[in-house]
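Subject: Structure for you to look at

Dear colleague,

I am passing on the structure we spoke about, and below it I have set out what I found when going through it. Please read the notes with the structure open beside them.

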Amino acid sequence: MAGSTLASATANPAAPAAGQAARPHVGPWKEAWRRFRKHRLAVVCAVILALLILAVLVGPFIWTVPIDDIDFTRRLEGPSWDHPLGTDDLGQDILARVLYGGRISLAVGFAAMLVAVSVGVLVGAVAGMAGGKVDAALMWLTDLFLSLPELPLLLLIIYLFRDALTGVVGPELGVFILIVGVIGGFRWMPVARLVRAQFFSLREKEFVEAARALGASRPRIVVRHILPNALGPVIVAATIDVAAAIIAESTLSFLGLGFPPDIPTWGRLLFDAKDNLDFAPHWAIFPGLAIFLTVLSINFVGDGLRDALDPRRVK
Amino acid sequence: MTQYLIRRLMIAIPSLLGISVILFTILALAPGDPFEELATNPAIPPDVRANLRASLGLDDPIHQRYFAWLFAMLRGEWGYSFVSRAPVGDLILQRLPTTLVVIGASQILALCIALPVGIYAATRPYSIFDQIANTLAFVGFSLPTFFTGLLFILLFSIWLDWLPFIYRANIDATGWRWWWEHLRQSIMPVMVLGLFQGAAWTRFVRSAVLDVIRLDHVTTARSKGLPEGRVIRRHIVRNALIPVVTLVALQMPIVFGGAIVTEQIFRIPGIGSLLISSILANDTPVIMAVTFVFAILVITFNLIADILYGWLDPRISYR
């Protein structure tokens, strides 16, 4: 941060020195928020994302039409006042199903991100602190995971383990744990690399040296001094991971190999809709738009966060 | 260069072995076993089943089983499909060319989009063109392939009725007509994959070119009085492509994932749709083999990226 104050001071030689002294202390988070606001698209997308999350959380309480209310007299209808997003081939209301599916898709996205970030931070921190052989071995593992074909392996693992896990904890929770674990387990590598690189540069910095000289223990140095400073890029990567996990889950459901058929995730809705495209396009378009909007806004928010949290970028 | 190539190959082999260990571990940990077919068959008495297991080495310690499996895979003995009883290798070889053609064509399309757009945007940063290209790139890689595929079918097949939405392997036509039909049915799958990749790569190219354009050697080249086109081609793009190649190689698993989805949407008879249909039919030997082939493909493309890398940046191959 010292570099950024210096740069702004030299860029503005006319700025009154008194004004600088009187300026209130600006914390790093406030500073980040100030920079985030400058990325107008990111702010718009953050609002859209917040509305989407609110809609799937609160929506089912306001729009109380059940997701499995079968009505054969009203099948494959286009949007109307009774069914704002139309109905599917069983006459079920698509708005209710999209809202419910959003809960699952977003829950999978955030949970898988948490798994990926936890594993990534752990691997990256161990590699970055240990160095030497441990580091080499962990980085080899990271590179190996980076060259694994993700989707075929996801499909293989779900195919092999689904029945066993659903037998233990029930079909919904079983598939949820499996999908979150596997998607998270294949997405930790970028975070691990980022954290390791940050650790390598931070652990030689003076303030870490000072903490070490004061007798701080290794875990304390990692948790209190290095990790908070390595957090910026990790937050950006985590945001992108949510989007990637939502796409991965939707892909699995779209291939008919994700959640069981009675749970309408966004991908599952598209899977059911794809054979009725010619006479019920609304059935595919609305869940597809939901995925697209969510992923797009998450990606833009991630871009805004990158601008906000990267101290090297002085604007 | 030869030495560099050999070194890269020596790195590729352990990763292939690592992947095979991961695959085998997944298979070994999986509940149930490939003999499920026999286990549920009441006509086979338990002792016959136990003898069969022993004779096939299924009760051996796990490392022995791994090496037996690995050598069988390397010798090309991939077993027989549970469903069609055909050798798995033949099934895959039949379908691999289609997959490679579709993926290859889409990568070329992606390059044709990403290189010009990315370079043009980076040479005029924050211009209107740059902003539009950047926004479109975000839209492009936020649109999942399965949704673009459905939208294309809706637009080009159902509303406009220009293109067929089912890919047929055996077209009963000859000569130009045959080529024309193949071209027509490949347009949508190639576009779906190519646009998605192109959008992601445009951003890579743009940021890489932006990094290089500030360097001193570019200023030198300009002050020597070289024409701008030559500066961009020889001094900027060649250097900017080095990080792009790495990023593109890292994207390979995503490309193959996208190919599976696209093959499923357009019913292309490639190995991706083979994987899905064999999962739906519980055809374990085919599933294992196809996953292994995908792993080999990813490693091969990483190797190609490494070779390109050495060609683009001679310093690397001398290290």
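In this predicted model, helix α11 of chain A, which covers residues 218-254, spans only 46 Å between its end C-alpha atoms, whereas a straight helix of 37 residues would span 54 Å at 1.5 Å a residue. Along α11(A) there is a bend of about 50° at A:L227, and a proline, A:P228, follows within four residues. After α11(A) comes A:G256, a residue whose phi is positive, near 80°.

As for the chain to which this helix belongs, chain A contains 13 helices and 0 strands. Of its 315 residues, 43% count as buried, and among the contacts in chain A between residues at least 6 apart in sequence, 70% join residues at least 24 apart.

One residue that I looked at individually is A:L138, which has its place in helix α6 of chain A, residues 132-146. Is A:L138 buried or partly exposed? With 19 other C-beta atoms within 10 Å, A:L138 is partly exposed, because a residue counts as buried if 20 or more other C-beta atoms lie within 10 Å of its own. If its neighbours within four places in sequence are left aside, A:L138 is in contact with A:V123, A:V126 and A:A127. The C-alpha atom of A:L138 is also separated by 8.3 Å from that of A:G124, the two residues being 14 residues apart along the chain.

Turning to the two chains together, the contact between them takes 35 residues from chain A and 35 residues from chain B. On the side of chain B that touches chain A, the elements that give two or more residues are α1 (2-29), α6 (128-142), α7 (145-159), α10 (228-266), α11 (271-280) and α12 (284-312) of chain B. It is α12(B) that gives the most to this side, with 8 residues. Sorted by class, the side of chain B that touches chain A has 28 nonpolar and 7 polar residues, and no charged residues.

Finally, on the confidence of the prediction, the predictor gives the complex an ipTM of 0.82 and a pTM of 0.84. For chain B the average pLDDT is 82, and 92% of the residues score at least 70.

With best wishes

Terms used:
Residues are numbered from 1 along each chain as its sequence is written. Chains are lettered from A and ligands numbered from 1 in the order in which they are written. This is a predicted model: local features need pLDDT of at least 70, side-chain atom pairs count only at pLDDT 80 or more; totals for chains, interfaces and linings use all residues. The expected span of a helix is 1.5 Å times one less than its number of residues. The bend at a residue is the angle between axes fitted to the seven residues ending there and the seven starting there. A residue is buried if 20 or more other C-beta atoms lie within 10 Å of its own, exposed if 12 or fewer, and partly exposed in between; C-beta atoms are placed from the backbone. Two residues are in contact if their C-beta atoms, placed from the backbone, lie within 7 Å. Ala, Val, Leu, Ile, Met, Phe, Trp, Tyr, Cys and Pro count as nonpolar, Asp, Glu, Lys and Arg as charged, and the others, Gly among them, as polar. pLDDT is the predictor's confidence in each residue, from 0 to 100.
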